[in-house]
There are 2 protein chains.
Amino acid sequence: MKTVKTIKEVRQQVREWKREGLSIGLVPTMGCLHEGHKSLIDTAVKENDRVIVSVFVNPIQFGPNEDFKTYPRDIEHDKKLCESSGASMIFNPEPSEMYFENRSTNVEVEGLTEGLCGAKRPGHFRGVCTVVSKLFNIVTPDRAYFGEKDAQQLAVVKRMVRDLNFDVQVVGCPIIREEDGLAKSSRNTYLSKEERQASLVLNKSLKKAKKLLEDGEKDALLVKRVIEQEINKQPLARIDYIEIADSESLRPVKKADESLLIAIAVFIGKTRLIDNFTFRTGEK
Amino acid sequence: MKTVKTIKEVRQQVREWKREGLSIGLVPTMGCLHEGHKSLIDTAVKENDRVIVSVFVNPIQFGPNEDFKTYPRDIEHDKKLCESSGASMIFNPEPSEMYFENRSTNVEVEGLTEGLCGAKRPGHFRGVCTVVSKLFNIVTPDRAYFGEKDAQQLAVVKRMVRDLNFDVQVVGCPIIREEDGLAKSSRNTYLSKEERQASLVLNKSLKKAKKLLEDGEKDALLVKRVIEQEINKQPLARIDYIEIADSESLRPVKKADESLLIAIAVFIGKTRLIDNFTFRTGEK
């Protein structure tokens, strides 16, 4: 498995593979890979002849007060995980390889990005769409793999691919959890032992909401309130948002009678964690 | 030569050509093709194995009070011109083939789009960049051809290609003029006989400016004033803008000691025409 730093090297390799008629899967990541990423890579390896994992902490998707500088990085660990999972290449560029100082082009998805994380992190999804567009143009993958943990990101990338006619199939992969239910995330490494315990409240509150919906509750506001109450029991937790939205348009709903995304963002101490589930009426 | 209406047909043909190792040139147009377009197609035919001409009056690059509905269309004429020029395919989609009703993705180049036509036509270049991104993703050309008449558009598309890593070479082609000097444009068909005569003032005023710069004039404001006075002599002409800008950043300059773009937009009656030239200090 090769690790390359330049766009030119990626293009050369991709051109060679395409000449041989090989299909290419892309797994875009910010590194510090965990079991969640591994499940994306595993799926990609199954479905494609060659898999490129991009490891790039993308500066333009972080807000000025967010954790770009402290975001965990561990390329040696990432190399081992990619190698053992059967990936063919890591693309690990410097920010200067990806962005000219006078760069001035952005890709923006409106509507879908207004609520949820988009409301709390202005410019975040513009940064995501821009870097994903660049990666698609550099790698020209047949398929690209994104986790359902970032449910809004997945919906936004799918919309972008549809609207801009990228010839890429976007594949969403299920959330991978720790044994005790916490959704895997690179940011979990920020948590103290006490916070790690407190973080269970995310999954716990969502489970309660799921039970309610499965039992036929239609009042989305009531479901939100139940999540809120559950999270507020945990003193180290501070709610960023709780949202029940149409799973396609991501618009908030009042009545739970369609295909729903139930998504939350919660600060545990200084660490912002997200979790979600989707629910279709009549589902058990 | 084929004329196709769907993205799917373009992709199928392109895939076949790529399998055969053929290079592809794209000439994006809004149709009603004239000698200016023909020069783009001719160049593309020389430099590529296959040439696709897109003919699409792109609704999202027109402002609400602009001429989207009345913009001239003549696909039978366009077919003849493309066929006789050696193009391999016309891509002539309906707006509904290009845009979903709930489309919400745009590509935006900032900075370069703030002055000149961008200042006068808000959203215009966002519409251009979005449709060009789509065409690049549909056609995946090796080279794409744009006229220097739309100097700002050419600069903006080049910037977009660089910033988003499109694997496309953008080729700019010189302005083609009528014998009396008027730059060829589909919008020239709007002009009455009297207006057609009045339109010569664009080229005439630019020629005066060029002479001044060639003779060593360094005061950009003075050069602008000379253009302004010349245009104002023509009663049917109304200045939209006169700009002297750095040819790369498109920022207005006061001193003419670099690589310059001298660009004007002038209403002749209700018809808005543009013209320009580039000038390098020391050039004759």
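How many residues does the contact take from chain B and from chain A? Here are my notes, in order.

1. To answer that: 26 residues come from chain B and 26 residues from chain A. Keep in mind as you look around that this is a predicted model.

2. Next, the area. Together the two chains bury about 2,500 Å², and 40% of that lies on carbon and sulfur atoms. On the chain B side, look up B:Thr105, B:Leu164 and B:Asn165: they supply 25% of the area chain B buries against chain A, more than any other three residues.

3. Now for the charged pairs. There are 4 salt bridges across the interface of chain B and chain A. One to click on is B:Asp167 with A:Arg11, where the closest N and O atoms are 3.9 Å apart. The cut-off for a salt bridge is 4 Å, so this pair counts.

4. Which elements of chain B give two or more residues to the side that touches chain A? They are helix H1 (7–19), strand E5 (105–109), helix H6 (124–139) and helix H7 (151–164). Sorted by type, the residues on that side of chain B come to 8 nonpolar, 8 polar and 10 charged.

5. Strand E5 deserves a look of its own. E5 of chain A (residues 105–109) pairs with E5(B) in the antiparallel sense, over 5 bridges. To see how they line up, find A:Thr105, which stands opposite B:Val109 in E5(B).

6. Stepping back to chain A as a whole, you can pick out 10 helices and 10 strands. Its radius of gyration is 19 Å, close to the 19 Å the globule rule gives for 284 residues, so chain A is as compact as a globular protein of that length. Along the principal axes, its C-alpha atoms fill a box of roughly 55 × 40 × 40 Å.

7. Setting aside neighbours within four places in sequence, A:Ala119 is in contact with A:Thr113 and A:Glu114. Then try A:Ser23, which is 96 residues from A:Ala119 along the chain; their C-alpha atoms are separated by 37 Å.

Definitions and conventions: Residues numbered from 1 in each chain as written. Chains lettered and ligands numbered in written order. Predicted model: local features only at pLDDT ≥ 70, side-chain atom pairs only at ≥ 80, totals over all residues. Heavy atoms only, no water. Contact = heavy atoms within 4.5 Å. Buried area = accessible area lost by both parts, 1.4 Å probe. Salt bridge = Lys/Arg side-chain N within 4 Å of Asp/Glu carboxyl O. Helix = DSSP H or I, 4+ residues; strand = E, 2+ residues; numbered from the N terminus. Nonpolar A, V, L, I, M, F, W, Y, C, P; charged D, E, K, R; others polar. Pairing = 2+ DSSP bridges. Rg over C-alpha atoms; globule rule 2.2 N^0.38 Å.
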